[in-house]
Amino acid sequence: MVKITTDSTADLNADFEKYDIGVLPLNVILDGESYLDGENIAPDDIYAKYAEKKILPKTAARSPEDFKAFFERYTSAGDEVVHINLSSKISMTHENAVKAASEMKGVYVVDSLSLSSGTGLLVLYAAELAKKGLEGKEIAELVKKRIPYVQASFVVDTMEYLHKGGRCSSLARIAATVLRIKPTILVKNGSMEVGKKYMGSFDKVIVKYVENTLDEFDSPDLTRIFITHTSASPETVKKVREKILEIAPFAEIKETIASSTITSHCGKGTLGILYINDGEKLKK
């Protein structure tokens with residue numbers, strides 16, 4: 001058997017259990033206390049603490065020793081492991097997993113060069129390959145071939161968390177607030193960068209973002225697409241879902257809530273669509 005594993009930032013929610021994915025939660029340190037992402041801390045805890053004290057969490061990778069113990073849960077039973085990580089350019093998670101795997105047999109570590117459900121898309125693909133009976137090494141190689149085609153991006157409703165976390169200047173935050181600018185955050189080659197900037201209400205901006213994204217990345221694998229967000233309203237998610245189906249007939253649209261680790265950096269109201277862009281071109 002090949003066990004597919006990942007870290008908590010893959011944001012697969014109920015699909016972790018549905019696809020039998022092994023999950024190692026990352027560390028979240030909030031107000032001096034250490035928690036495990038998804039186990040004893042949730043995004044609502046982060047919002048509450050920020051409202052009370054204006055304190056944001058710090059996030060941390062798990063140690064090589066933690067990874068080794070995690071992998072041994074499966075290798076001790078004779079299974080191979082294919083582990084797909086949060087981007088190595090964003091976290092030490094990948095490096096620590098590689099260190100642990102180097103001392104073990106049958107463990108294949110893949111750098112997703114993505115985050116959130118961008119990683120999750122690759123994890124689900126790996127799980128489908130494992131179900132077909134492929135071996136670990138072959139699964140890892142096939143997953144790596146799809147990494148460059150993962151389209152991962154988000155629109156940020158407020159710059160407050162990015163500013164508080166040192167990821168934008170006070171001037172940029174003030175300008176964005178006054179002008180109602182909503183920036184797109186793109187994941188490119190494993191790193192995050194600012195993309196197109198929109199102006200106006202979030203609901204209008206997010207629909208335009210969906211249109212622009214599917215127009216630019218117009219060869220989607222129509223198997224599935226994620227709508228991943230941090231506390232977006234049901235009405236906003238509905239508008240996004242309707243716009244997606246108006247443009248592209250995805251077989252499955254998955255709505256997921258971002259993990260505490262992801263929420264720590266982007267704050268409330270962030271929403272993105274994520275899919276693998278290696279299918280047929282859309283008809284326009």
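## Surroundings of Lys182

Contact here means heavy atoms within 4.5 Å. By that criterion, in this predicted model, Lys182 touches Val155, Val156, Asp157, Lys196, Lys197, Tyr198, Gly200, Phe202 and Val205, with residues up to four places away in sequence not counted.

Lys182 belongs to strand 9, which covers residues 181–188. The relative accessibility of Lys182 is 11%. Buried means under 20% relative accessible area, so Lys182 counts as buried.

Strands of a sheet pair through backbone hydrogen bonds, in either a parallel or an antiparallel arrangement. In this model, three strands make up an open sheet with the order 4-3-5, and their pairing is antiparallel. Strand 4 (33–36) and strand 5 (58–60) are at the edges; each has a single partner strand, so one side of each is left without a neighbour in the sheet. From one strand to the next, the twist averages 30°.

Strand 3, residues 27–30, pairs with strand 5 over three bridges in the antiparallel sense. Within this sheet, Asn27 has Ala60 of strand 5 as its bridge partner.

## Packing of helix 5 and helix 6

Two packed helices are described by the angle between their axes and the distance between the axes. For helix 5 (residues 116–131) and helix 6 (residues 136–146), the angle is about 145° and the axes are 10 Å apart. Their crossing is right-handed.

Helix 5 contributes Leu122, Tyr125, Ala126, Leu129 and Ala130 to the contact, while helix 6 contributes Ile139, Leu142, Val143 and Arg146. Sorted by class, the contact of helix 5 with helix 6 comprises eight nonpolar residues, no polar residues and one charged residue.

## Positive phi in two loops

Most residues other than glycine have a negative phi. Asn13 is not a glycine, yet has a positive phi of about 50°. Asn13 sits in the loop between strand 1 (2–7) and helix 1 (15–18). With a relative accessible area of 33%, Asn13 is partly exposed.

Asp20, also a residue other than glycine, has a positive phi near 55°. The loop that holds Asp20 runs between helix 1 and strand 2 (22–24). The relative accessible area of Asp20 is 43%, and Asp20 is therefore partly exposed.

Methods:
Residues numbered from 1 in each chain as written. Predicted model: local features only at pLDDT ≥ 70, side-chain atom pairs only at ≥ 80, totals over all residues. Heavy atoms only, no water. Pairing = 2+ DSSP bridges. Helix = DSSP H or I, 4+ residues; strand = E, 2+ residues; numbered from the N terminus. Axes fitted to C-alpha atoms, helices over the stretch in contact; angles between N-to-C directions. Left-handed = near helix turned anticlockwise from the far one by under 90°. Nonpolar A, V, L, I, M, F, W, Y, C, P; charged D, E, K, R; others polar. Buried < 20%, exposed > 50% of the residue type's maximum accessible area, 1.4 Å probe, protein only.
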